[in-house]
Structure formats: structure tokens, C-alpha cells
Amino acid sequence: MLKIDSHTHILPETLPRWTNKFGYGDFIHLEHHRPGFARMMRGNRFFREIGENCWNPQLRIEEYARFGTQVQVVCTIPVMFAYWARPQDGLDIARFLNDHIAGLIQAYPKNYLGLGTIPMQDTELAIGELERCRQLGLCGIQIGSNVNDLNLNEERFFPIFEACQRLNLAVLIHPWEMMGEKSMQRYWLPWLVGMPAETSRAACSLIFGGVFERLPQLRVNFAHAGGSFLTSIGRIQHGFDCRPDLVAIDNAVPPRDYLGRFWVDSVTHDPLLLEYVLKVQGSQRITLGSDYPFPLGDLEIGAFIEKMDLDTNVKEDIFHRATLGWLDIRKERFD
């Protein structure tokens, strides 16, 4: 059975010293301090250590083969978004990263599909890079759950989503810059609590802000099984019903009506939760995802799904058909 991992991250093996080039900011660069590993540095501060599977395409293919997975949808690591940078500098970074991913999918067309990144802080530059992503052969883009603490329903972002629909580019929304991060550093709470909340923030913003209603052909996938959105849909719907004067001010369509109109990935780490997500989303709107190669991801790439008592058609939906639909590509590409 074809398996496509819809949610993975990658970097080039070397990154420019953008802090030196631009003359400001804590841009990410890599220090290859020991064989097979590198330190991600935020300016002069250590951010995290990554392994060779974050940049070595052949090693990734070999690791994936252990779990019967043939294809990876790759995108950059959210810390690379640089939405805070000067717009032209953000564009330079996006172009560098997008060129790398485009080269990867050209070299390994049976193993990789690509999502680009764009400078969301400047609408005109973002749309220009969207058009270039289409020319490069990328299937879509990855964006953050907020942009410099602005919600995604802000009118300045609507032309970007409109261009994604026009260019037939899919969108992956990934949590980053988590709300409350500074006040909950202990226990890894930004990743355990803030990330799911950020994804729900993004979903609610797009629904209540009317973006999905205005752009019915926009194909959006929310990382980490939609974060806390699906598990709190009862509360969200109740809030819409009991206080429409606060919630329904920009879109009168109930939030439950949007279930199954967007995609989420399968990164639940929990068969019971996946069963619930299947009930509210349907198998054609759940893409296999891993968040590879990071430890909080599903690094067995859907092994728990293999063990679940699911119909073969449901597994085929999750393992490849849902992703093919989200990206609007044909299975024959991988024959």
C-alpha cells in the first residue's frame, strides 16, 4: 500500500549566516559540531540539536523504508519562517529554502513532494513567491498559525489565500510562536499545551473570519490532527450558538458545518483519539503525518494505525488518498 507522509521537515545541510549578511536579528544558522549532527543556532544562542536525517535525503528514504513509507511531503522548520524580518530579507530566506526543496523533488521525484515558505509579513512579496513556488513545481506552502501575533483572518492575508486558491496550491498550517510561551517555559508546556491551542486559534480564525466561506476551493491542512480544535468543537459550537453577537459577527455559518471541509494529519499518538477524529472528519480528510524527524512526532510513521481494526479503504484514505486529494496530485506519479 502506498504511504505518503504529509507532514515532515527538512533543511539544507548548510545555511547562510543571514545575521551577518543582513546586519541584524537572530537568524538561524547551523554549526556542524560532530559527525552526523548540527546545532541550530539562533544568532549566538543554541536552539536545538538536529541529526543528519534533517538534511540527508538518502538517509531519510532509508529510514522511511523501515516503516513501509515511500513518499515524504517536505517543508521547512517553522523557526525558519522569519516573519519578523524585514520583508525583502524574509523573501531572500524563503527563496533560498524553496530552491533547496525544489531541487530535492527534482532529484527524487518518486520520494519527495514539496511545500514552500513565503514572507507572510508582506502581501505583495508573499504572492510573488507563491507564483514562483508554482513554477518550481511545489504543491503548496506551509505557514504559521499566526503572523507576528496577527490572526490569519486579518484582511491583509486574504489576498494570499486567494492566490493559493487561484494557483491551486495547498496550505499546511503549522503552530509556531505559541501563545503564552513566555509564561509557561517549564515542563515543555509550549509544545504540549501551546501548540495544540495555536492550531485551534488558526482554525477558528479562518472559520469565524469567513475565509473558508469566501474561498470554498482553498485546500487547508491543520498539523497535529488539528491541535485542540476538533476535541473542543462542542465548546466552540456552543459559543457560536449562545453568543453570536461576539462569535458570528463576520460569518453566520456554524463552525460544525466546516468539519470535513479541511484536512488534518494523523499525528494523534493515540488510537482512541484517531477514532474520534475519523468520526468528525471522515477518512478522506485525514492525511498520514509524522512531524519527522523530531522526537515529538510519530517517528514510526503510522505504525499504530496499521495495528488498528480499520477497514482497508479507510487505511488507504489515510495512507495516501487524502494527501493526494489535499495536494491535487495523481497516484500514478509514484508508479
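Colleague: Quick one to start: is E198 buried or exposed?

Modeller: In this predicted model, E198 is buried, with a relative accessible area of 0%.

Colleague: And which side chain does E198 meet in a salt bridge?

Modeller: The partner is R201, and the N to O distance in that salt bridge is 2.9 Å. E198 and R201 are three residues apart in helix 6, so about one helical turn separates them.

Colleague: What about R201 itself, buried or exposed?

Modeller: R201 counts as buried too, because its relative accessibility is 16% and the cut-off for buried is under 20%.

Colleague: Which other salt bridge does the side chain of R201 take part in?

Modeller: The side chain of R201 also meets that of D149, at 3.0 Å from N to O. D149 sits in the loop between strand 7 (140-144) and helix 5, whereas R201 belongs to helix 6, so this pair ties together parts that lie 52 residues apart in sequence.

Colleague: How many salt bridges turn up in the whole structure?

Modeller: A search of the whole structure gives 16. Among the linked residues are R95, D99, E129 and R132, which form a network of salt bridges.

Colleague: What about R261, which side chain does that one meet?

Modeller: R261 meets E213 in a salt bridge with an N to O distance of 3.9 Å. R261 is in the loop between helix 9 (244-247) and strand 10 (263-265), while E213 is in helix 7 (residues 211-214), so the pair ties together parts that are 48 residues apart in sequence. R261 is partly exposed at a relative accessible area of 37%, and E213 likewise counts as partly exposed, at 36% relative accessibility.

Colleague: Changing topic to packing: at what angle do helix 4 and helix 5 pack?

Modeller: Helix 4 (residues 123-136) and helix 5 (residues 158-167) pack at about 15 degrees, and their axes are 9 Å apart. That angle makes helix 4 roughly parallel to helix 5, because angles under 35 degrees count as such.

Colleague: What is the handedness of the crossing?

Modeller: The crossing in which helix 4 passes helix 5 is right-handed.

Terms used
Residues numbered from 1 in each chain as written. Predicted model: local features only at pLDDT ≥ 70, side-chain atom pairs only at ≥ 80, totals over all residues. Heavy atoms only, no water. Axes fitted to C-alpha atoms, helices over the stretch in contact; angles between N-to-C directions. Helix = DSSP H or I, 4+ residues; strand = E, 2+ residues; numbered from the N terminus. Parallel < 35°, antiparallel > 145°, perpendicular 65-115°, else oblique. Left-handed = near helix turned anticlockwise from the far one by under 90°. Salt bridge = Lys/Arg side-chain N within 4 Å of Asp/Glu carboxyl O. Buried < 20%, exposed > 50% of the residue type's maximum accessible area, 1.4 Å probe, protein only.
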